[in-house]
Amino acid sequence: MTTSHETTRTPSTDTSKPGSHFGKVVAVRGSVVDVSFNERLPAIHTMLRAGPDQEIAIEVLAQLDAHLVRGIALTPTQGLARGMKVQDTQSPLLAPVGKPILSRMLDVFGNTIDRGPALADVQWRSVHQAPPPLVRRSTKSEVFETGIKAIDVLLPLERGGKAGLFGGAGVGKTVLLAELIHNMVGHEEGTSIFCGIGERCREGEELHREMKSAGVLDNMVMIFGQMNEPPGSRFRVGHAALTMAEYFRDEEHRDVLLLIDNIFRFIQAGMEVSGLMGQMPSRLGYQPTMGTELSGLEERIANTDSGAITSIQAVYVPADDFTDPAAVHTFSHLSASIVLSRKRASEGLFPAIDPLQSNSKMATPGIVGMQHYELAQEIRRTLAQYDDLKDIIAMLGLEQLSPNDRNVVARARQLERFLTQPFFTTEQFTGLKGKAVSLEDSLDGCRRILNDEFKDYPEKSLYMIGKIDEAKMPNSPNPSGSEPNGSDPHSDKETEHANLSTHDA
């Protein structure tokens, strides 16, 4: 497969052609390879090929002196030895672009890894492209509806913007990403590109199967740099995915949804490459060029006059520490930051989005409208008041609160449960049919809860439903049989919530 791929990719890899440029391996240290050339040196980012079948790919990252370059291997270096001949391909790493890549699963070199035939009739482009200039960028702000209540109401996404899913391990980043793919690719006319950086092979196979069964694979491309691959491969897979996205945006004039899981693995791969190249680390062991490398990737994601690349990125937060340099640098590039809370996940409130830590630059009156903005602010205010009262409730109990505070707590707990939602991608695990809810229905439900229309309903009737009217289903408790006005309707809700959370966890 490698040989046919190389023949398609660039003629310069044919060693029989005149003008081929060769060097010799001087040293091999893990993934770091030093190569000497008697004549001219290859340029930075040039790909070198070595091995009996040219299967070992090395990217030049430094020119050490007049005859010596140092590169990082994008493939395992097993079998590479001092004195072996190395070919200068005279071109950088290339990515395949064009319609034939749709519905395929690829690696960083453009090889197919879905057991299908090799790509044919595709163009090849360098993965190193400049971001679009400011004069080509669109200044129009438009909301990108997802069908997920908590996101559409409180954290609207921007069409052509960048949104981040922040969270530690096991709080639901990949599940939320898969749900966004299902909801948006199924309803939007465009192309979706999923880029797995440092993914487990199990996750890639599951995602491919789910997207195929959902019928959205025909307009989707998957590209993976897996966890077991060398850091050079994981570091470049994001650039390859962006090159594909830019083709569909600029040449096909399509809107592109670019999903990256996980952008922290890109930073981590850069840190490994930096360490292998002998650079002095900066704070907490990260590479000194982390900001530049991340900017080079993120700034290519843009909304232009020909189309838009909308990106949603999962961001692993080491040890749930949001002051970590990787999280801080990523925050600065995003138009929306969706923070997933381990505490909410442990309570069974899925998606486990923390509305008080999350934010979106689109949540302004000029973009979403004054009514939506004021309702979102009222929801945040109610949830923040409940958060402040939690310590008092834990120490003294709910009965010691004033009637006004008790009403605030009741509204906040109902809002928390209404903002949960059964996902299409988790139907096989939960047994609940997935639901996508329109923005109008989401806003209507929150407004009616804040107006105390459901104050006599138990909290669990609002848990894991779609529209607010589903709380009035016949199998839900009848409000006419609720407790009389003289008693406290919330006195047993802490126990009820604890039982519910234990069951859902």
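Author: A definition first: a nonpolar core is a set of buried Ala, Val, Leu, Ile, Met, Phe, Trp, Tyr and Cys residues joined through side-chain atoms within 4.5 Å. Buried means under 20% relative accessible area, exposed over 50%, and partly exposed in between, using a 1.4 Å probe and protein chains only. The model is predicted: local features need pLDDT of at least 70, side-chain atom pairs count only at pLDDT 80 or more, and totals for chains, interfaces and linings use all residues. Residues are numbered from 1 along each chain as its sequence is written, and side-chain values use heavy atoms, leaving out hydrogens and water.

Reader: How many residues are in the largest nonpolar core?
Author: The largest nonpolar core has 60 residues. L176, F194, M222, I312 and I379 have the most contacts inside it.

Reader: Which helix gives the largest share of this core?
Author: Helix 11, residues 370-396, with seven residues. Helices (H or I, at least four residues) and strands (E, at least two) are DSSP runs, numbered from the N terminus.

Reader: What does M222 touch?
Author: Leave out residues up to four places away in sequence, and M222 touches R104, M105, L106, F194, L207, H208, M211 and L217. Contact means heavy atoms within 4.5 Å. Another core lies apart from that one, with 55 residues, including A57 and L119.

Reader: New topic. What is the strand order in the open sheet?
Author: Eight strands run 8-14-13-15-16-12-17-18, with mixed pairing. Two strands pair if DSSP finds at least two bridges between them.

Reader: Which strands stand at the edges?
Author: Strand 8 (105-106) and strand 18 (359-360). Each has a single partner strand, so one side of each is left without a neighbour in the sheet.

Reader: How do strands 12 and 17 run, parallel or antiparallel?
Author: Parallel, with four bridges joining strand 12 (residues 162-167) to strand 17 (residues 336-339). A163 stands opposite A336 in strand 17. Helix 6 (residues 263-276) also packs on the sheet, touching strand 13, strand 15 (256-261) and strand 16 (309-316). Its direction makes about 70 degrees with that of strand 16. Axes are lines fitted to C-alpha atoms, for helices over the stretch in contact, and angles run from 0 to 180 degrees between N-to-C directions.

Reader: And the barrel, how many strands does it have?
Author: Six strands, in a closed barrel running 1-2-5-4-3-6 with antiparallel pairing. The twist averages 45 degrees from one strand to the next. Four bridges join strand 3 (residues 46-50) to strand 6 (residues 85-92). A50 stands opposite V86 in strand 6.

Reader: Back to helices. At what angle do helix 11 and helix 12 pack?
Author: About 115 degrees, with their axes 9 Å apart; helix 12 is residues 403-418. That makes helix 11 roughly perpendicular to helix 12. Angles under 35 degrees count as roughly parallel, over 145 as roughly antiparallel, 65 to 115 as roughly perpendicular and the rest as oblique.

Reader: Which residues meet there?
Author: Among them are I379, Y386 and L389 in helix 11, and V408, R411 and L415 in helix 12.

Reader: Is R300 buried or exposed?
Author: R300 counts as buried, because its relative accessibility is 1%. R300 lies in the loop between helix 7 (290-298) and strand 16. Neighbours within four places in sequence aside, its contacts include Q129, H239, E246 and R249.

Reader: And where is D452?
Author: In the loop between helix 14 (439-450) and helix 15 (493-504). D452 counts as partly exposed, at 27% relative accessibility. The C-alpha atoms of D452 and R411 are separated by 7.3 Å, yet these residues are 41 residues apart along the chain.
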